Amino acid sequence: MKNLSLKERVLLIGVGLALFVAIAYIFIIMPMDKKIDQRRYDLADRERQDAEYEAIKTQNSAMKASIQATEKAIQDIELNLFADTDIEVVENFVMSVFESTGSKYLSKIESTDVPTDDIYLPNGTIANEKLLIKRITVEYATTDGFTIPEYNKQPSWITTDGIDLPLISDAIAHMGDYEDSRYDVVGYNEFVKALKLISEEKPSCMKIHRVYIEDSTYGFVYLRAEIDLYATQLGERRVSQTSSPEQVKLEWAGRTKVDCSGGMIGMPLLNMNEKSSWYLVGISLDQLKDFVNRPYCSYFSNAILTEMAKAGLPLYEDYATRTPNTAMFIPDPNSLVTNVPDVDTGDDAGVVEE
């Protein structure tokens, strides 16, 4: 080394430094560069994954909020299912069915809540689930076959021109005429038909609870029914739907094909059933002297019936020929009537005076 010149020494040191740098680059710097590149790649991949996770997290948050809102809506519906049921709509449906079958003389309709027992769980606590029952009670009436049927202000006895005397005279003249279809005794069969239709409409939530009748003892029958509407308060739990839920079935266990043609439900003003042992038997006039509410007839025909009973006049002159005895109550169309109810026609069309 001492024999080398300065130039050779510098060159040798330069070669050594170059060799050191080359060795350092190959064995130190290049692996570090590769690690850095790998770390950069890993960082980019992690950033991409983080962005995906953030998107999923945001999506999950939105979905969770949507699920929570949906569950709350379901719970609100379940908890308030029966409260959201407009009972007036159901009552109108019930009345429309009775009207469609010809049983239209409604006397009363009301709705009540029916108390139900709580459900106790094995641990002694009360379950959130509960049965809710709403009961609609209706009362209809049959006609009596004598007074003039009137429903929903039809027939219209008063027009804009005043009282329709010809219409009233004709109606009164045929009171008690069983040959006139206007005076047919109706209500019972129509009432039963309506109940059958209602029971078949919504068998899973609407049941006929009770049906009973009451003879008014004034020549017509009260027809009553209790119709139950069922709903459930499910709390936070939901009952899975079943494809074929079993329904309550009622079966007649008594005798069938029994001849009831001569039977009679209630005492009519006059029994016209030829198969009945009470054929042509009528109610005593003493029973008819008091004015009673007849929800199926016009007010004046009801008054005529009462006045005839007070005067001791038979409702029929001849039962066999079914001839009515109302001639003395037929108004003269040529006469004028006092105290006519006012009819609003836009002008002074009030009381008709003599």
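Which residue forms a salt bridge with arginine 48? In this predicted model, the partner is glutamate 52, and the closest N and O atoms of the two are 3.0 Å apart. Both residues sit in helix α1, which covers residues 6-79, and they are 4 residues apart, or about one turn of the helix. Neither end of the pair is hidden away: arginine 48 comes out as partly exposed at 42% relative accessibility, and glutamate 52 is partly exposed too, at 38%. Side chains of opposite charge can pair when their charged atoms come close. In the structure as a whole, there are 14 salt bridges.

Another of these contacts involves arginine 135, which meets aspartate 228 in a salt bridge with the closest N and O atoms 2.6 Å apart. Arginine 135 belongs to strand β2 and aspartate 228 to strand β6 (residues 221-233), so this pair ties together parts that are 93 residues apart in sequence. Are these two residues buried or exposed? Arginine 135 counts as buried at 16% relative accessibility, because the cut-off for buried is under 20%. Aspartate 228 is buried as well, with a relative accessible area of 2%.

A further salt bridge brings together the side chains of arginine 182 and aspartate 170, at 3.1 Å from N to O. Here the link runs between distant parts of the chain: arginine 182 is in the loop between α3 (165-173) and α4 (188-201), aspartate 170 is in helix α3, and the two are 12 residues apart. Arginine 182 is partly exposed, with 36% relative accessibility, and aspartate 170 is likewise partly exposed, with 33%.

Strand β2 pairs with strand β1 (residues 106-114) in the antiparallel sense, over 8 bridges. Within this pairing, threonine 137 of β2 has glutamate 110 standing opposite.

Next come the nonpolar side chains. In soluble globular proteins, nonpolar side chains tend to be buried together. The largest nonpolar core in this model holds 22 residues, and Phe146, Ile148 and Leu315 are the ones with the most contacts inside it. Helices α3 and α5 (299-310) are the elements that give two or more residues to this core, and α5 gives the most, with 5 residues. What does isoleucine 148 touch, leaving aside its neighbours within four places in sequence? Its contacts include Trp157, Ala171, Ile172 and Met175, along with Tyr183, Tyr296 and Phe300. Cys297, Ser298 and Ser301 are also in contact with isoleucine 148. A second, separate core is made of 18 residues, among them Val138, Tyr140, Ala225 and Leu229.

Some nonpolar side chains are found on the surface instead. Leu19, Ile23, Tyr25, Ile26, Phe27, Ile28, Ile29 and Met32 form a nonpolar patch there, and together they have about 810 Å² of accessible area. One of them, isoleucine 29, has its place in helix α1 and is partly exposed, with a relative accessible area of 38%.

A few spots in the backbone are worth a look too. Most residues other than glycine have a negative phi, and most peptide bonds are trans. Glutamine 154 and proline 155, however, are joined by a cis peptide bond, with omega at about 0°. Proline 155 is in the loop between β2 and β3 (158-159). Asparagine 152 is found in the loop between β2 and β3 as well, and has a positive phi of about 55° although it is not a glycine. Asparagine 152 is exposed, with a relative accessible area of 61%.

Where does threonine 217 lie? This residue is in the loop between β5 (206-215) and β6. Threonine 217 also has a positive phi, near 70°, despite being a residue other than glycine. With a relative accessible area of 38%, threonine 217 is partly exposed.

Key
Residues are numbered from 1 along each chain as its sequence is written. This is a predicted model: local features need pLDDT of at least 70, side-chain atom pairs count only at pLDDT 80 or more; totals for chains, interfaces and linings use all residues. Side-chain values use heavy atoms; hydrogens and water are left out. Two strands pair if DSSP finds at least two bridges between them. A salt bridge is a side-chain nitrogen of Lys or Arg within 4 Å of a carboxyl oxygen of Asp or Glu. Buried means under 20% relative accessible area, exposed over 50%, partly exposed in between (1.4 Å probe, protein chains only). Patches are made of residues with over 30% relative accessible area and no salt bridge: like charges are joined within 9 Å, nonpolar side chains (Val, Leu, Ile, Met, Phe, Trp, Tyr) within 5 Å. Accessible areas come from the Shrake-Rupley method with a 1.4 Å probe; for residues, only the protein chains shown count as cover. A nonpolar core is a set of buried Ala, Val, Leu, Ile, Met, Phe, Trp, Tyr and Cys residues joined through side-chain atoms within 4.5 Å. Contact means heavy atoms within 4.5 Å.
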